[in-house]
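This briefing covers strands, a helix, nonpolar cores and charged pairs. Please look over the sequence and the model before reading on.

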Amino acid sequence: ADAGPRDGRRSGPVLRRRNPIPVRNTATVWGWDASNHDWGRGPMDLASAREAGISFFTHKATEGSDWQDRYYRKALERARRAAIPVLGSYHYLWPDPPNRIETQVNFWMDFVAERTPWWHEGPWIWQIDAEQQGLPRPPSPDEIRRAVDAVHDRMARERTTGYVIVYAPRWLYGDQLGAGYDLWNSDYTGSGAPRPFADQYRGVTDRSHGWEVMSGRKPRILQFASDAVVGRQHTCDVNKFDGELHTLISLCGRNPDAPHRQTPRD
């Protein structure tokens, strides 16, 4: 996850859909979180990412209260066509001030609803990215809590479901975060010689420091490398979910045994 350059907007076509099928469970759940930076590093072939074993994919959508990622729609449409089981978006959270937390969350969720109006048809991750790159300070624990609550409140009003998780790494926040939401940590033990992400994780393992308890709970997702190969894409941020795929789908508020997303035709 990263702040990324503030570089314009882009729209895309309306996609036709067909009936989905239930998602097969897997014990190992790999993920890729991407942003506008990734589009200069390779073909952004989400079909090859799925073939390589990627089960969840998130892409940067917004930052602060005025920046929109011009590649967001294209990325999510490609991931949808590739039938990646769990999709999502992330917002790069600014401290308040200069941008009011609730205003940012509505800006983010409005953008997602406009560019990917089908988001609620399948398992969805709302990833709050709490970092400091390009900011005078990182969002405070209270501001993060307000952002989490704002996403939950809006989903409750709209009667939608999704998995709210906060990327707030140990190296920035230590054990200062409050309770009541899941954490996405980063610990780049797997980085080094770029190679396929599953090979990189062999140097990490499920017993690595990145999985240790932080702020009173174990991270649910670990970003273990920032230079991985995912299918035909190089220099990727890659992740592992702590659990099975059906567990992640359930956290998104979905029945893992039921059909989910309507996948568009090519």
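Which residues of strand 1 are buried on one side and which on the other? Val 29, Gly 31 and Asp 33 lie on one side, Trp 30, Trp 32 and Ala 34 lie on the other, and all are buried, which leaves both faces of strand 1 covered. The model is predicted: local features need pLDDT of at least 70, side-chain atom pairs count only at pLDDT 80 or more, and totals for chains, interfaces and linings use all residues. Residues are numbered from 1 along each chain as its sequence is written, and side-chain values use heavy atoms, with hydrogens and water left out.

- Buried means under 20% relative accessible area, exposed means over 50%, and partly exposed is in between (1.4 Å probe, protein chains only).
- Helices (H or I, at least four residues) and strands (E, at least two) are DSSP runs, numbered from the N terminus.
- Because six of the six residues of strand 1 (residues 29-34) are buried, strand 1 is largely enclosed by the rest of the structure.
- In a regular strand, side chains alternate between the two faces of the sheet.
- Strand 1 runs antiparallel to strand 9 (residues 233-241), joined by five bridges; two strands pair if DSSP finds at least two bridges between them.
- Asp 33 has Asp 237 as its bridge partner in strand 9.
- Strand 1 and strand 2 run parallel and are joined by five bridges, with Gly 31 opposite Phe 56 in strand 2.
- A right-handed β-α-β unit is made by strand 1, helix 1 and strand 2; right-handed means that, with the strands pointing away from the viewer, the path from the first strand over the helix to the second runs clockwise.

**Helix 2**

- Helix 2 (residues 72-81) is largely enclosed by the rest of the structure, because seven of its 10 residues are buried.
- Those buried residues are Tyr 72, Arg 73, Ala 75, Leu 76, Glu 77, Ala 79 and Arg 80.
- Their cover includes helix 1 (46-52), strand 2 (54-63), strand 4 (86-92), helix 3 (101-115) and strand 5 (124-129).

**Nonpolar cores**

- A nonpolar core is a set of buried Ala, Val, Leu, Ile, Met, Phe, Trp, Tyr and Cys residues joined through side-chain atoms within 4.5 Å.
- The largest nonpolar core has 56 residues, of which Trp 32, Phe 57 and Trp 126 touch the most other members.
- Apart from that core lies another of 15 residues, including Val 23, Val 29, Tyr 167 and Cys 252.
- Beyond its neighbours within four places in sequence, Phe 57 is in contact (heavy atoms within 4.5 Å) with residues including Trp 32, Ala 75, Leu 76 and Ala 79.

**Salt bridges and cysteines**

- The structure holds 15 salt bridges, each a side-chain nitrogen of Lys or Arg within 4 Å of a carboxyl oxygen of Asp or Glu.
- Lys 60 and Glu 63 form one of them (2.9 Å, N to O); Lys 60 is buried at a relative accessible area of 0%, and Glu 63 is buried at 4%.
- Glu 102 and Arg 100 form another (3.8 Å, N to O); Glu 102 is partly exposed at 21%, and Arg 100 is partly exposed at 49%.
- A network of salt bridges links Asp 96, Arg 100, Glu 102 and Arg 146.
- There are zero disulfides, a disulfide being a pair of cysteine sulfur atoms within 2.5 Å.
- Cys 236 is buried at 0% relative accessibility, and Cys 252 is buried with a relative accessible area of 0%.
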